[in-house]
Amino acid sequence: MSTTANEYYGTGKRKSSVARVHLRPGTGEMRLNERNLDEYFGGHEALKMLVRQPFTVTETNDKFDVVAILAGGGVVSQAGALRHGIARALCLFDIELRKKLKKAGFLSRDSRTKERKKYGQRGARRRFQFSKR
């Protein structure tokens, strides 16, 4: 996690999604994989709200432009990874914001991932049907 004079970087992760987030001082525009927020998440208003939560909690709405590269997983886990990355980048901007972000739970990585399939079984927990005869 490095930083330059006017750019703050944070890597966010959730499930198998990774978000590489660059915050630059600006007007609040978000570019996700070369698309804006509305194009990327479509009609999922809850996901758009989830992504904006770190800015709302720290009262930094419309102070930063977000340029992010999202990869892996689905749209919900990508939104969670983006929120994590934004929160980590905001900590580099101002260490005082860390208290608010930590209390809101945005700095902890949600490590719940898909359980692996076990050998001799149909899935992670699913067994083959038992036959008595």
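Hi everyone, let's start with the fold: this chain has four helices and five strands, where helices (H or I, at least four residues) and strands (E, at least two) are DSSP runs numbered from the N terminus. Please keep in mind that this is a predicted model, where local features need pLDDT of at least 70, side-chain atom pairs count only at pLDDT 80 or more, and totals for chains, interfaces and linings use all residues. Residues are numbered from 1 along each chain as its sequence is written, and side-chain values use heavy atoms, with hydrogens and water left out.

Following the sequence, you read β-β-β-β-α-α-β-α-α. The radius of gyration is 18 Å, well over the 14 Å from the globule rule for 133 residues, so the chain is more spread out than a compact globule. That radius is taken over C-alpha atoms, and the rule is 2.2 Å times the number of residues to the power 0.38. Along the principal axes, the C-alpha atoms fill a box of roughly 70 × 30 × 25 Å.

How much of the chain is buried? Of its 133 residues, 35% count as buried, meaning under 20% relative accessible area, with exposed over 50% and partly exposed in between (1.4 Å probe, protein chains only).

Now to the inside. The largest nonpolar core has 28 residues, and Leu23, Phe41 and Leu82 have the most contacts within it. Such a core is a set of buried Ala, Val, Leu, Ile, Met, Phe, Trp, Tyr and Cys residues joined through side-chain atoms within 4.5 Å. Which elements give two or more residues to this core? They are β2 (17–25), β3 (30–32), α1 (37–41), α2 (45–58), β5 (64–71), α3 (75–93) and α4 (97–104). The largest share, eight residues, comes from α3.

Let's zoom in on Phe41. Leaving out residues up to four places away in sequence, Phe41 touches Leu32, Leu47, Lys48, Val51, Val75, Ala79 and Leu82, a contact being heavy atoms within 4.5 Å. Across the chain, among contacts between residues at least 6 apart in sequence, 67% join residues at least 24 apart.

Most residues other than glycine have a negative phi. Asn33, although not a glycine, has a positive phi of about 50°, and Asn33 sits in the loop between β3 and β4 (35–36). Glu34, in the loop between β3 and β4, has a positive phi of about 65° and is not a glycine either. Asn33 counts as partly exposed at 29% relative accessibility, while Glu34 counts as exposed at 68%.
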